[in-house]
Amino acid sequence: MKNKKIIKPSSENESDSEEELSPETHKKSLEKLKKIDPDFYNFLEENDENLLNFEADSADDASDKDEDDKTHIPGPITGDSDESDFEEEGAKPVQGRVTLKMVAQWQAELQGDGKIKLKSLTTIIKVFNAAMLRATSEDGTTEGEFKVEGSSVFNAVIQMCVLYLPAAIKKYLGMEQSGKDPQKCKHFIKIKGPLVSYLKDLLKLLGGITSDNILTVLLKHLHQMSVYIACFNSISKQALKKLIMLWSNSEETVRVLAFLCILRITRNQQAALLNLVLKAMYLTYVKNCKFVSPSTWPGINFMRRSLVEMFTLDLNVAYHHVFLYIRQLAIHLRNAIVVQKIENRQAVYNWQFVNSLHLWADLISATSNKPQLQPLLYPLVMVITHTIKLVPTHQYYPLRFHCVEILINLSKESDTFIPVLPFLVEVLTTYDFNKKHKKVSMKPLDFSCVLRLAKSQLAENGFKDSVIDRVYGLLLEYMANQSYSIAFPDISLLAIMQIKQFLKSCSVSNYTKRLRQLLEKIEENSKFIERERAKVSFALSDDKMVAAWEARIKTKGTPLLTFFESWNKVNKIQKRKKITKNDEIAGELPMIKRPKISETEDKVSKPENKGPLVLFPSDSEGEEDNFKLGEEVEEAEKPKKGKTKKKANKKKENKKVTKAEINIPDKGDVVQDFSVSDW
C-alpha cells in the first residue's frame, strides 16, 4: 500500500506538469495562490511581474525575443536585472560590438567644449585596444569588453584616436596653455594606467605598418604623444628603438618625422636617455653607411646631419663618445700602419671608416664656437692625413679626394689652418698625364661613390679627366678659402711652383689650359694681398689686428673668391643635371655604347680578360695589385685560361662568335661606369 501511495502522487504530478504547460491552468493556480497566500502573491507582483503575466508573454514568444535583442544593441554592457544573467551568452557579443554611431558619439565628446571625463577617455582607450587586438590576433577574434568588427569601424577608431585624443588628454590634464610636465598635473595618476596601455598599443601599430603614408600620419601623432612617452622609461626605450630603425631605413618624410620624435623624447628625458640614444644612433649610422651609391647618399647625409644635431644637445656628454670613437679609428689606423696585412688595411679603407671621419669633422665644425670639442680637432686631422698616406697609390685617388674634401671643410668651418696643398699637388707630380690611354670612355669617371679604382679603369682616358677635374676643383676651393688670409702669398707659393712644373711637363692641352687658368687666378690674388699687406702698419704678431684686417678683406672680396663663387654656381647646376638624367643615362648608354666598343677594341684581348667591373671592388684585390706583384701575374694568367676554354666550347656548340659576345666583359664595364656617374 505504501508503494502504491508513493507511485500514485508521482503520476498525478506528471499529469499536473503537463497541464501546467497551458496558460489557463497557470492562471487558475495563480488565483488559488492569491486566495491562499496573498502576501507571497504581492511579493511576486512587485518583484517578478513576468511570472504573473505569463499568458501575454507566452502568446508571442518569438516576437519577445526579437524585442529583447533590439533593446541590447545600443550602448555598452549594462546589468539591470537578474534575467540578464541567463541571456549573457547570447547578448555579450552584441552588447560589446562597436558601431560607427558609437564612435561618432565618443568623437563628439572629445571635440566638445565641456569638461573631458575620465570615463570617456578610458572607454576610448579600451576601444583602441580592442581594435589592436583584432588586428594582431591570428583569427581576427578578441575576448574583451569591446569588439571592433569591420574595416570601416577599425579605421574610424584609429582616426578618432589619432586626430582628437592628444588634445583631449591635454584638456583633461589642464596642459592646454602651460607646457608643464604631465607628471606634475594632479589628474595624471588617474590616467596613468590607461595612458600606458594606449602607448604600448600605439607602438605595436607602428611596428606593423609598412605604408609610408600611414607611417607619416602615425609618426605625427606619436610626436604629439612624445611628451607622455617620456614619462615612462621602459616605453621610451621601446619607442626609441623603433624610431631609430625608421630613421635609418625608411623613406625621406618618415625619416624626418622619426628624427623629430627621437629629438623630442630625448629632450624631455635627456639625463636618462641621451647616452643610450647617441650610442644607438651612431652604431646604426655606421651600420647603414657600409655601401654608398647615388641612391643612398641622401639618406647617409641626412643621418650624419641629424646625428650632429643630437650630439650638440650636450657637448660635455658628447665629448666622451667622440673621444672614444675617434680613438677607435686611430687604433684601426695604427694597426694598419704597423701590421702590413690586407685585413688591417681593409679595416681602414672602407666607407664606414670614411663616413665616420666625415661625421666627426662635421660635428667639430658645427661646434667650433664652443670649447668642449676643440681639443679633438688635432687628433682627428692626424687620423685623416695618415689615412691618405697609408696607401698613396693611383688606385686610391678617390679616397684621397674624399679625405681632402673633409679637411678643406673642417679648415673653413673651424677657421684653422690645415696643410692640405701637399696632398693635392702630389697628384700632379706622381702621375704621368702624358701616358697614352688604352681605353676610351665617353665621359670622366665619377669619384663620388667609389674609394678605389680597378686597374681597368686606370687605363681609361676618363680616369685622367676625372683626376684633373677633382684636383682643379679642390685646389680652387682651398685657395679661395685662404684668399683673404694675410699669409696667402706664402701659402700659395707651393701650389704656384708645382703647377708651373706640371705645365712644363704635361703636353695635353685640355689639362694645361685649366691649370694655367687656375695659376693665373692664384697669382692675381697673391698680388692683390701683397698690395693690401703693404699698407699695414701693425706688427704681424698682433693677432687681434690681423684678424680685423682679414675680416675687412673678406668683406671687401678677393679676386679668387669671386671667381670661385661663379664657378661653384655652374658646377652645382651641372651636378643637378646629372641627377635629373639618371634614369635616361642608365637606360640608353649600354645600347649605344656596345657596338662602339666592339668596333674600337676588336683586336684588343687583354682588357677583356679582366672581367666585369665591380662597383665596390674588395680591398683585397687592390692590396694584391699593389703589394704582391708576383701573385698578380699568376692571377692574370688564370682567368685567361678559363676564358679560352669557354670560347672553345662556344665555337664547338655555335660555330659562330660575334663581336658582341667577345666584348661582353667590356659591356659590363660600361654599364657600371655610367650608373656610377649619375650622382
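The model is predicted: local features need pLDDT of at least 70, side-chain atom pairs count only at pLDDT 80 or more, and totals for chains, interfaces and linings use all residues. Residues are numbered from 1 along each chain as its sequence is written, and side-chain values use heavy atoms, with hydrogens and water left out. Helices are DSSP runs (H or I, at least four residues), numbered from the N terminus. Buried means under 20% relative accessible area, exposed over 50%, and partly exposed in between (1.4 Å probe, protein chains only).

**Salt bridges**

- The count comes to 8 salt bridges, each a side-chain nitrogen of Lys or Arg within 4 Å of a carboxyl oxygen of Asp or Glu.
- Asp469 and Arg514 pair at 2.2 Å, N to O. Asp469 sits in helix H25 (residues 461-481) and Arg514 in helix H28 (residues 509-534), 45 residues apart.
- Glu523 and Lys500 form a salt bridge at 3.5 Å, N to O. Glu523 is in helix H28 and Lys500 in helix H27 (residues 493-505), so the bridge ties together parts 23 residues apart in sequence.
- Glu523 is partly exposed at 25%, and Lys500 is partly exposed at 39%.
- Lys556 bridges to Glu532, with the closest N and O atoms 3.1 Å apart. Lys556 belongs to helix H29 (residues 543-556) and Glu532 to helix H28, so parts 24 residues apart in sequence are tied together.
- Lys556 is exposed at 52%, whereas Glu532 is buried at 8%. Shared partners join Glu532, Lys535 and Lys556 into one salt-bridge network.

**Surface patches**

- Patch residues have over 30% relative accessible area and no salt bridge; like charges are joined within 9 Å, nonpolar side chains (Val, Leu, Ile, Met, Phe, Trp, Tyr) within 5 Å.
- Lys412, Lys554, Lys572, Lys575, Arg576 and Lys578 make up a positive patch. Charges are placed at NZ of Lys and CZ of Arg.
- Helix H30 (residues 559-580) gives the largest share of the positive patch, 4 residues. Lys575 lies in helix H30 and is partly exposed at 32%.
- Ile337, Val338 and Val339 form a nonpolar patch with about 250 Å² of accessible area together, by the Shrake-Rupley method with a 1.4 Å probe.
- Val339 is in the loop between helix H18 (315-338) and helix H19 (342-346), partly exposed at 33%.

**A buried serine**

- Ser248 lies in helix H14 (residues 233-249) and is buried at 4% relative accessibility.
- Leaving out residues up to four places away in sequence, Ser248 touches Arg255, Thr284, Asn288 and Met303; contact means heavy atoms within 4.5 Å.

Definitions and conventions
Helices (H or I, at least four residues) and strands (E, at least two) are DSSP runs, numbered from the N terminus. Lys and Arg count as positive and Asp and Glu as negative; His and the chain ends are not counted.
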